Amino acid sequence: MSELVHIDGAPRPKADPKVIAGIAMNLALVCAVSAIVLGGVYVGTERYQRMARLEGERTAVGALLQLGPGSEVTEVEQYLDAAKNEVLYRAREYGNEAAPVRARVFSLSGELRGSNDDAGAEPPAGLEPLGRMFVARENGALAGFVLEGESRGYKNRIRFFVALDSSLAVQGVRVLEHEEDPGLGAEIATPVFRAQFTGRTPDEIAAIGVTRDPMPEDWHAALAAYASSTGAEAPAEWRTLVQRERGKPIYAITGATISSRALTRGVKGAVDHFRRRWSLLAPQLEPAGAAK
Amino acid sequence: MSETTEKPPGALQLLLNGIFSENPVFRLALSLCPAVAVTTTVANGFILGVAVLAVQVLSSLTVAIARGVIHPRVRIPVYTIIIAVWVSAIDMTLAAFVPALYAQVGLYIKLIVAFAIIISRLEVFASRQPLVPSFWDAMGMGLGFMLALMVIGALREVLGAGAFFGIPLFKTKPLLFFALPAGGFFSIALLMAFFNVLERKLTGGTSKPAAGGHHG
């Protein structure tokens, strides 16, 4: 091996082992102190972070479904058991950690393989989580669903909720976490962009695309009016224009086609997946005994 | 290198220095990339400015305290670690205790690790000066950065989106070009030229024009 030379061609000075050791110790010390500080902050904040995230999800589910009194929500966790080619569903009353967990196991082809109405509080280890869904009932009748989904965005994953009404048409989309660029990709979380999904049927979602064409002015105005309306009744201009636009592609954010495609692809995937699985799961999730 | 022997200037001098004569964006031309990326609105500029101010002050204080311990040959990696620790700590704390605010600023916080202005102040100032002047230098630089971002944001929001602080001013968007990244560079160039002319007028033409990178 040839002798190491400096970048300008001069022979490299012999490094003093003591100096090297000193530098290594110095860096190690700084890293150790940093690790302790960061660990301390993490331990101190992790519990509050989780609580804040759960609280945010609860608010999002409530706002998306606009449930009245007398409604109940069931949280269903989905896991993939890749070794056995099985999917595990765990259902319990949303927000009640003490409620019993109903577990169902299906094969990938949709055959029921196991059933347990009093499964443990923790899911078995080693399974891959596939996101959750929330099933809402009002006075015993199905009132709507919220699906949790994830998609790979421009920088990191985009985590979102899609709300469906009882006919499986999209009722709303909410972006929960993302790291897209502020001012560009981050615009996918704005009410106007998200409102483009609202009102589309599962068949329309299955065929959805993204276009870089500019959004028509009247549709933008109608979406803005829809996004800022608070009552149960949607604005009239939105109700007319949604008939024209519901079969058309999503209009991408200018300069952020990748982020726009990512959210659209995620919503499409979540709805398609749910459609295939819901027919299997629905009979299993009927309220046990008489409806409350 | 002369800073080590000079007596450090007073607090007010240091503050004004960061805001005007050595403004990070308009005079030192540092951290232009984030200055372009996030300044589409005044509010964005303000939020990022506050976060940078906090990280700059905390990092400068840490370096001013620990400067005797840091080995000079690895000072740059050590500065980077110090900045990253403060950015991560602020990130986790905001996410835990003010989730509503974090939902708006979380995206910006993580970007700050790579800001040239912060590490440059650690190298040029905090590593050579005692605690108190380092604090005022960090305050001045942080405020200067924040004000610069807000001025750029104001220009771009008014011209690009026809609004100010989110309040619509006109029915239309006058020049959408200014909201896009290329428009950001033009905004900074126009403002930099404006501040150069202003400074020339005020000081009678004795000051040097803005030149990026002369602080390393």
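This is a predicted model: local features need pLDDT of at least 70, side-chain atom pairs count only at pLDDT 80 or more; totals for chains, interfaces and linings use all residues.
Visitor: OK, what is the angle between α6(B) and α7(B), and how far apart are the axes?

Guide: Helix α6 of chain B, residues 116–126, packs on α7(B) at an angle of about 150°, and the axes are 11 Å apart. The angle makes α6(B) roughly antiparallel to α7(B).

Visitor: Why does 150° get that label?

Guide: Because angles over 145 degrees count as roughly antiparallel.

Visitor: Is the crossing of α6(B) and α7(B) left-handed or right-handed?

Guide: The crossing of these two helices is right-handed. On the α6(B) side the contact is made by I117(B), R121(B), F125(B) and A126(B). On the α7(B) side it is made by S134(B), D137(B), A138(B), M141(B) and F145(B).

Visitor: How many of those are nonpolar, polar or charged?

Guide: The contact of α6(B) with α7(B) has six nonpolar residues, one polar and two charged.

Visitor: What about α1(B) against α7(B), what angle and distance there?

Guide: Helix α1 of chain B covers residues 11–21, and it packs on α7(B) at an angle of about 30° with the axes 7 Å apart. The two helices are therefore roughly parallel to each other. Their crossing is right-handed.

Visitor: Which residues of α1(B) and α7(B) make the contact?

Guide: From α1(B) they are A11(B), L14(B), L15(B), L16(B), N17(B), G18(B) and I19(B). From α7(B) they include P133(B), W136(B), L143(B) and L147(B). By class, the contact of α1(B) with α7(B) has 11 nonpolar, four polar and one charged residues.

Visitor: You mentioned L143(B). Buried or exposed?

Guide: L143(B), in helix α7 of chain B, is buried, because 21 other C-beta atoms lie within 10 Å and the cut-off for buried is 20 or more.

Visitor: What does L143(B) touch, apart from residues up to four places away in sequence?

Guide: L143(B) touches L15(B), G18(B), I19(B) and L53(B). There is also V50(B), which is 93 residues apart from L143(B) along the chain, with 8.0 Å between the C-alpha atoms.

Visitor: Now the core. Which residues touch the most other members of the largest nonpolar core?

Guide: F145(A), V146(A), V162(A) and A148(B), in a core of 110 residues. The largest share of this core is 12 residues, and it comes from helix α7 of chain B, residues 131–161.

Visitor: What does V162(A) touch, if I skip residues up to four places away?

Guide: V162(A) touches L147(A), G149(A), V170(A), V173(A), V267(A), A270(A) and V271(A).

Visitor: Where does G149(A) lie?

Guide: G149(A) lies in strand β6 of chain A, residues 141–152. It counts as buried, with 25 C-beta neighbours inside 10 Å. Leaving aside neighbours within four places in sequence, its contacts include G131(A), F160(A) and V162(A).

Visitor: Where do the chains meet, and how many residues of each are in contact?

Guide: The contact involves 22 residues of chain A and 23 residues of chain B. On the side of chain A that touches chain B there are 12 nonpolar residues, eight polar and two charged.

Visitor: Last one: M25(A), buried or exposed?

Guide: M25(A) is exposed, with 11 other C-beta atoms within 10 Å. It lies in helix α1 of chain A, residues 17–65. The C-alpha atoms of M25(A) and L142(A) are separated by 64 Å.

Terms used:
Residues are numbered from 1 along each chain as its sequence is written. Chains are lettered from A and ligands numbered from 1 in the order in which they are written. A nonpolar core is a set of buried Ala, Val, Leu, Ile, Met, Phe, Trp, Tyr and Cys residues joined through C-beta atoms within 7 Å. A residue is buried if 20 or more other C-beta atoms lie within 10 Å of its own, exposed if 12 or fewer, and partly exposed in between; C-beta atoms are placed from the backbone. Helices (H or I, at least four residues) and strands (E, at least two) are DSSP runs, numbered from the N terminus. Two residues are in contact if their C-beta atoms, placed from the backbone, lie within 7 Å. Ala, Val, Leu, Ile, Met, Phe, Trp, Tyr, Cys and Pro count as nonpolar, Asp, Glu, Lys and Arg as charged, and the others, Gly among them, as polar. Axes are lines fitted to C-alpha atoms, for helices over the stretch in contact, and angles run from 0 to 180 degrees between N-to-C directions. Angles under 35 degrees count as roughly parallel, over 145 as roughly antiparallel, 65 to 115 as roughly perpendicular and the rest as oblique. A crossing is left-handed if the near helix is turned anticlockwise from the far one by less than a right angle, and right-handed if clockwise.
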